[in-house]
Amino acid sequence: MRRLRSTFIAPTLGLIALGSLSVLSAQTLVESALATVNTGMRNYGLISFGNATFTNYGDTWGPLAVEGNLTLSGSGSIAQQPGKFGLTSDPTLYVGGQLNLSSDAKLESGYASTPNITGSWSWDGTQKRLTGSNGMLSTSNTSDPLGAVDPRTNAGPSNWNWLNLKTSFENASATLAAATSTGTISISGQNLVFSANGQTSGVVVFTLDMAKFNGTLYDADGNGSWDQNNERVSNVSFNISDDVNYVVNVINANGKTIFDGINFNSGTNTDQLLWNITPDANPGIDSVSLGGGARFYGSVLAVDINLSNSGNVAPEGQLVTNNYTHSNAELHFESYSPIGATGFTPVPEPGSWGVSAIGVAFLTMAQRRRRRSSTPPTSVEIA
C-alpha cells in the first residue's frame, strides 16, 4: 500500500478516522473493555461503589471492597477460599465507609482495612479482634502480618481510586453495550440456549432482553404479546467453544430477576462469561436481582445497578455493583479470566497503522469530552 500524501490526509482525516473506528470497534474495543474489567476487578469477589448488606450469608469465598457502608447481619466468614482467588498485597476486606455488625464475623485470610469507621470500636492486638457495640470482626485465623494490626490503621489497596475505577468500569460497560450481537438466543425444548453460531475464537456478544420474559415464559417470536407462541423456559444452557470469551448484555431489567424460576445450575467456561447489566433508558439507579435456582454463573458488571441475589442463589463469579444486597446463601468465587485479556492490545494490519493511530486519537478525544475523569476508556489505570 502506498503512503498517503499529507495533502490528502488533511481534508479526509475525518473519513479515515471513522473507517478506523469501525475496524477498532470490531477488533479491539470489546477486547480492550474486557481487559479493563478483568484488571479492574483484581481478585475481589465484590466491588461495590455504594453500600453492601449481607444477611444470613455464611461465607464469602472471595475478598470484599465496599466504598460505602458494609453491613454484616449474622455470623459468617470473609475471604474464606484464598486458594480460589489468590492472595495479593491488597486487603481482603476494604470498607470505605462504616462497618455495621450485628454478630461476629471472621476474616479467614489476608487483612482488613477500615480507615474511616467511627464509633465505639476497640482493638485487641493479642486476640486480633475489632469489637464494636453490636459485634466483632476477628482476624485471628489469618496468617497475614497485617491481620495482627488494627484494621483502622491499615492502608487500602495499592493505587486505588474509587472515582477513576468506577469511570473505567462505566466506559467498559458502555463499550460492551454498544457492541453488535453476534450470538443468538433460542428455545430448544424448554432450554434457553445461548449459541455462538460456530464462532471458535474472539468474543461472542449476546443481548438478553428482559422485556421478553414474563416469569418463566419467553416471548420467542418477539412480537411483544403474550400469546400461544410464547415458550416456557426451565433451564439455561450455553453452546460456546472453549476458546471463546462471551458477553451477555442485559437490557430492560429494572425491577426484574434474571432467570426467575429458571434453573441455571451448570455452566461451560463460565470464567470467560461476563454479564453486562446496563440501566434502562431513563434510569435513576435500576434494581436487578440474580436468579437461576441455586447458582448464577459468570461474573457480573453492573456498575450503575443496585444488585441483589434472589432467594438462596449463590453468585459464582466476581461482581461489580452500585449497591449490593445479599441474603440466605454464600457468595462464591470464580475468577473472571477471559482468554488473552491481559494481552489485548490494538494490532492493526501492517498497511493500516496510520489510520488506526488516527482512529485512536479521534476516539480518545471524543471519549475525553464525555468523561468525568481523564482516564482513557480502554485504560485500566485506577491511580
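This talk walks through the charged side chains of one structure, with a stop at a strand along the way. Keep in mind that the model is predicted.

Let's start with salt bridges. How many salt bridges does the structure hold? There are 4. I will go through some of them.

Take Asp-150 and Arg-152. Their side chains form a salt bridge, with N to O at 2.9 Å. Is Asp-150 buried or exposed? Asp-150 is buried, because its relative accessibility is 13%. Arg-152 has 28%, so Arg-152 counts as partly exposed.

Next, Asp-304 and Lys-166. These two side chains also meet in a salt bridge, at 4.0 Å from N to O. The pair connects distant parts of the chain, 138 residues apart. Asp-304 sits in the loop between β26 (299-302) and β27 (305-309). Lys-166 belongs to helix α4, residues 162-178. Lys-166 is at 19% relative accessibility and therefore counts as buried, since the cut-off is under 20%.

Now Glu-316 and Arg-295. Here the N to O distance of the salt bridge is 3.0 Å. Again, distant parts of the chain are linked, this time 21 residues apart. Glu-316 lies in the loop between β28 (314-315) and β29 (319-321). Arg-295 is in strand β25, residues 295-296. Glu-316 comes out at 9%, so Glu-316 is buried. Arg-295 has a relative accessible area of 29%, which means partly exposed.

Asp-59 is in strand β3, residues 58-59. What is the nearest side chain of opposite charge to Asp-59? That is Lys-106, and Lys-106 is 8.9 Å away. Side chains of opposite charge can pair when their charged atoms come close. A salt bridge needs the nitrogen within 4 Å of the carboxyl oxygen, so Asp-59 has none, although Asp-59 is buried. What does Asp-59 touch, leaving aside residues up to four places away in sequence? The contacts are Ser-77, Gln-80, Glu-330 and Leu-331. Note Glu-330 on that list.

Asp-104 is placed in strand β9, residues 104-107. Asp-104 is partly exposed, because its relative accessibility is 37%. Beyond residues up to four places away in sequence, Asp-104 touches Gly-74, Ser-75, Gly-76, Gly-135 and Met-136. Which backbone nitrogen does the side chain of Asp-104 reach? It is the one of Met-136, at 3.3 Å. Asp-104 and Leu-130 are 26 residues apart along the chain, and their C-alpha atoms are separated by 9.9 Å.

Last stop, strand β2. This strand covers residues 52-55. In a regular strand the side chains alternate between the two faces of the sheet. For β2, the covered face carries Ala-52 and Phe-54. Thr-53 and Thr-55 make up the uncovered face.

Which strands does β2 pair with? One is β5, residues 70-73, joined to β2 by 4 bridges and running parallel. Within β5, Ser-73 is the bridge partner of Thr-55. Another is β30, residues 324-327, which also runs parallel to β2 and is joined by 4 bridges. There, His-326 stands opposite Phe-54.

Glu-316 is buried at 9% and meets Arg-295 in a salt bridge. Asp-59 is buried and has no salt bridge. Thanks, that's my part.

Key
Residues numbered from 1 in each chain as written. Predicted model: local features only at pLDDT ≥ 70, side-chain atom pairs only at ≥ 80, totals over all residues. Heavy atoms only, no water. Helix = DSSP H or I, 4+ residues; strand = E, 2+ residues; numbered from the N terminus. Buried < 20%, exposed > 50% of the residue type's maximum accessible area, 1.4 Å probe, protein only. Lys, Arg positive; Asp, Glu negative; His and termini not counted. Contact = heavy atoms within 4.5 Å. Pairing = 2+ DSSP bridges. Polar contact = N/O pair within 3.5 Å; in protein donor to acceptor, adjacent residues only side chain to side chain.
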